[in-house]
Amino acid sequence: MKYLFFDVDGTLYSHNTGLVPSAKKAIEETRAKGNKCFIATGRHLGSLHAVKDLEVDGIIFCNGGGIYMDGKIIDHQPIPHDILSSTVFAFEEREGGYSLMGDDKAFVNELEVRRRKRQIQHDEHMPSFEQMVEELGLRPFTEYRNDEILKIDIGFPSEEIMSDFLTVMNPQLKLASTAGYNISLGKRSGEITRVDVNKGTAIERLMKLVGGKMEDTYAFGDSNNDLEMLEMAGTGIAMGNGFAEVKLAADFITRDIDDDGIAFAMHHFGLID
């Protein structure tokens with residue numbers, strides 16, 4: 001039995017065409033052969049509308065902050081509340097926008113709302129703000145009530161302010177280059193989790209829970225928040241449209257997402273006929 005892990009944005013889901021039909025078909029075929037397929041995403045559980053038609057065996061969400069399987073959350077790695085509070089204060093001091101991601105929702109401050117609205121105006125591939133709110137499960141920060149937070153998406157007005165924030169960021173946290181909806185923001189945005197939490201460590205935890213072997217794992221990704229899982233999996237596969245760093249970390253580089261990259265790689269490794 002093989003265990004396959006798929007990033008969503010830029011890997012399974014194209015912001016040009018949606019969930020790639022050939023990828024969906026390939027996953028159906030490999031599961032029919034007895035292999036297990038999992039989503040491994042930076043999104044939370046409430047923001048997976050993009051792949052709602054895809055049947056999988058489990059979900060790694062919030063960049064490894066949680067694992068969902070068999071109808072329940074089986075693993076949870078939240079950011080400690082004291083560290084979260086001081087980090088939010090540091091964002092506010094620097095006029096940063098942020099999304100605090102829990103299991104199935106994300107709490108955003110007003111600056112983040114404004115930032116996303118500006119982003120939409122300058123990117124023809126982005127959905128409307130109303131669609132984004134629905135797809136990403138966004139809630140106003142005023143609704144936050146000590147929920148456990150697994151990941152924080154951040155964005156600052158400039159790269160200089162981002163660099164300043166990094167000088168005061170708690171050492172128990174780490175920043176990954178931004179992905180998904182925020183890729184266009186470049187080095188002034190990113191995704192924060194605990195320093196010991198990423199998609200790769202989540203795959204390790206999941207394999208221990210199910211009794212699988214790391215050498216039997218395949219990971220597919222395109223962005224820098226996929227680096228650890230591509231490095232730690234038995235076989236790491238970078239999308240042709242992936243970042244340069246991701247391609248360097250991979251064992252195999254497949255075609256672009258819109259050129260049936262998932263199906264091409266799965267056929268190459270004998271995961272489908």
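**A colleague's note on the predicted model**

1. The residues lining the second largest cavity split into four charged, four polar and one nonpolar. Please keep in mind while reading that this is a predicted model.

2. Which residues make up that lining? Around the second largest cavity stand Asn-63, Lys-174, Ala-176, Glu-191, Thr-193, Asn-198, Lys-199, Asn-225 and Glu-228. Two strands, E12 (173–177) and E13 (189–194), each contribute at least two residues to this lining. The space inside comes to about 50 Å³, and the search of the whole structure turns up two cavities of 30 Å³ or more.

3. Next, the sheet. Eight strands form an open sheet with mixed pairing, in the order E7-E6-E5-E4-E1-E14-E15-E16. The edges are taken by strand E7 (72–76) and strand E16 (252–253); each has a single partner strand, so one side of each has no neighbour in the sheet. As a reminder, strands of a sheet pair through backbone hydrogen bonds, either parallel or antiparallel.

4. Strand E14 (residues 217–221) and strand E15 (residues 235–238) run parallel and are joined by four bridges. Opposite Tyr-218 you will find Thr-235 of E15.

5. On the surface there is a nonpolar patch formed by Ile-74, Leu-209 and Val-210, which together have about 220 Å² of accessible area. Of these residues, Leu-209 is placed in helix H6 (residues 199–210).

6. Finally, the charged pairs. How many salt bridges does the structure hold? The count is 19. In general, side chains of opposite charge can pair when their charged atoms come close.

Note on methods: Residues are numbered from 1 along each chain as its sequence is written. This is a predicted model: local features need pLDDT of at least 70, side-chain atom pairs count only at pLDDT 80 or more; totals for chains, interfaces and linings use all residues. Side-chain values use heavy atoms; hydrogens and water are left out. On a 1 Å grid over the protein atoms alone, a cavity is a set of points where a 1.4 Å probe fits but cannot get out, and a pocket is an open set with protein on both sides within 12 Å along at least five of seven lines; lining residues have an atom within 4 Å of a point. Grid points are joined across faces, edges and corners, and a volume is the space filled by probe spheres set on the points. Ala, Val, Leu, Ile, Met, Phe, Trp, Tyr, Cys and Pro count as nonpolar, Asp, Glu, Lys and Arg as charged, and the others, Gly among them, as polar. Patches are made of residues with over 30% relative accessible area and no salt bridge: like charges are joined within 9 Å, nonpolar side chains (Val, Leu, Ile, Met, Phe, Trp, Tyr) within 5 Å. Accessible areas come from the Shrake-Rupley method with a 1.4 Å probe; for residues, only the protein chains shown count as cover. A salt bridge is a side-chain nitrogen of Lys or Arg within 4 Å of a carboxyl oxygen of Asp or Glu. Two strands pair if DSSP finds at least two bridges between them.
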